[in-house]
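Student: I am new to this structure and would like to go through it step by step. Could we begin with the whole chain and then turn to a single residue?

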Amino acid sequence: MREVQARAGTGQVIVIGAGIAGLAAAHRLLERGARVTVLEASDRVGGKLLPGEIAGARVDLGAESMLARRPEAVALAREVGLTDRLQPPATATASIWTRGALRPMPKGHVMGVPGTAAALSGLLSDEGLARIERDAELPRTEVGDDVAVGEYVAERLGREVVDRLVEPLLGGVYAGDAYRISMRSAVPQLFQAARGHTSLTEGVREIQAKAAAAQQTGPVFMGLQGGVGALPLAVADSVRARGGEILTRTPVTELRRTPADGGWRVVSGVHVWHADAVVVAVPAPAAAGLLRTESPGAAAELGAVEYASMALVTLAYRRAEAALPDGSGFLVPPVDGRTIKASTFASRKWGWIAEENPGLLVLRTSVGRYGETEILQRDDTELVDVSRHDLKAATGLDATPVATRVTRWDDGLPQYPVGHHARVARVREQIAGLPGLAVCGAPYDGVGIPACIASAYAAVDRIQGDLRGVQELTAHPVQSLHGGAGE
């Protein structure tokens, strides 16, 4: 072993993982005067935020937008010099491809759950709308400590609401199954409404009234010129400029306490670091491996976290040859039996793509949900073919793309089943007795960019002795909303 960094007194922190959570943690630590080294197993920073190009056009090959109604992501972008590149979607008008037609995305719902039956008129059948009306007459449905979103909403409003709207919206966030996903963790607003109201639609109307009274203005979502994949790159640049070190191709193989001084020993291959504190900002399976020695209980909990895999198919067309319906794209309910689960008309949704590439039309589709393995075993050519087939059926688009690109995200999205909040609480309880250790990222308090950043900030607070951030996230998880169409 080679001791590459001797202990340098108080304030030396190792961050394991250079996704947006790890980078945000490093950035916050440096602001507070710590000395920081970030260790990343892969050859790049950014995790699920990945900039790329197709036919010369800059695009996102991972997540493409960030929730702007939470402050963390937009504020971090401003802090690292991206203020001038912040841009809202050019259009937020999306559709649902269901029952053989593209139907306008309804207004007046909370993650697909309406305040009135009329809000889903045109999307559901007459029978489905009538079933919603029965909600006001039904006895109370107890939710206990947690309940699956789909199970609860179907009992109150009928399965059609879940299958035609809740499922594709939640699927766009988690690539999961609405009948398994935790309402408490994934849609905390609805969980609180269910606890406080007999009628679900009444609870939704109260949520909507509170939102109206708060008079929130500005866009719900925000992007970046050039793609949100620019965010982790800018944060990494800022970390380096502040004196932080980021090492890629440096997988951590061992994490151990050093009881003599209360610090930590971090091993990667033949290299050893000693630190006062460690932030573990990697996916749950990797975190489980790192914590197995010092916290076998936390490791067991994290090892049980399941993930969904998916793929994004990006296609570029000559604009003159490709006509699309209006809007930013569409979602696809699984119940309709299609292969793709969504399509984003990227050149429509993001004005900067159209401005930079006036002769191109760029769009993307996504395939793969929790439990779907067959589709992702197909090769790239097949995924492009099935995407083009579904796009033609939905929109009439029959042109030949000038370029295609398939990006696979194997085990890309952690699942939040019923009881997820309790699992996260047990993980934190298990590591509470390990001073100078904190965990953060998508497996814990929300999968969206603001949620990951909030989780990172809470982890920094924890290793500095302030538990308020973790307590706030435990009480109020960051809801990860769907960006309208696509991912």
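Tutor: Helices and strands here are DSSP runs, a helix having at least four residues and a strand at least two, and both are numbered from the N terminus. Please keep in mind that this is a predicted model.

Student: What radius of gyration does the chain have, and what would a compact globule have?

Tutor: The C-alpha atoms fill a box of roughly 70 × 55 × 45 Å along the principal axes. For 487 residues, a compact globule would have a radius of gyration near 23 Å, and the value for the chain agrees with this, being 23 Å.

Student: Is aspartate 163 buried or exposed?

Tutor: Aspartate 163 lies in helix 5, which spans residues 159–174. Its relative accessible area is 16%, and the cut-off for a buried residue is under 20%. Aspartate 163 therefore counts as buried.

Student: Which side chain does a polar contact of 2.8 Å join to that of aspartate 163?

Tutor: Leaving aside neighbours within four places in sequence, aspartate 163 is in contact with Pro168, Tyr179, Pro333 and Val335. The polar contact of 2.8 Å links the side chain of aspartate 163 with that of tyrosine 179.

Note on methods: Residues numbered from 1 in each chain as written. Predicted model: local features only at pLDDT ≥ 70, side-chain atom pairs only at ≥ 80, totals over all residues. Heavy atoms only, no water. Rg over C-alpha atoms; globule rule 2.2 N^0.38 Å. Buried < 20%, exposed > 50% of the residue type's maximum accessible area, 1.4 Å probe, protein only. Polar contact = N/O pair within 3.5 Å; in protein donor to acceptor, adjacent residues only side chain to side chain. Contact = heavy atoms within 4.5 Å.
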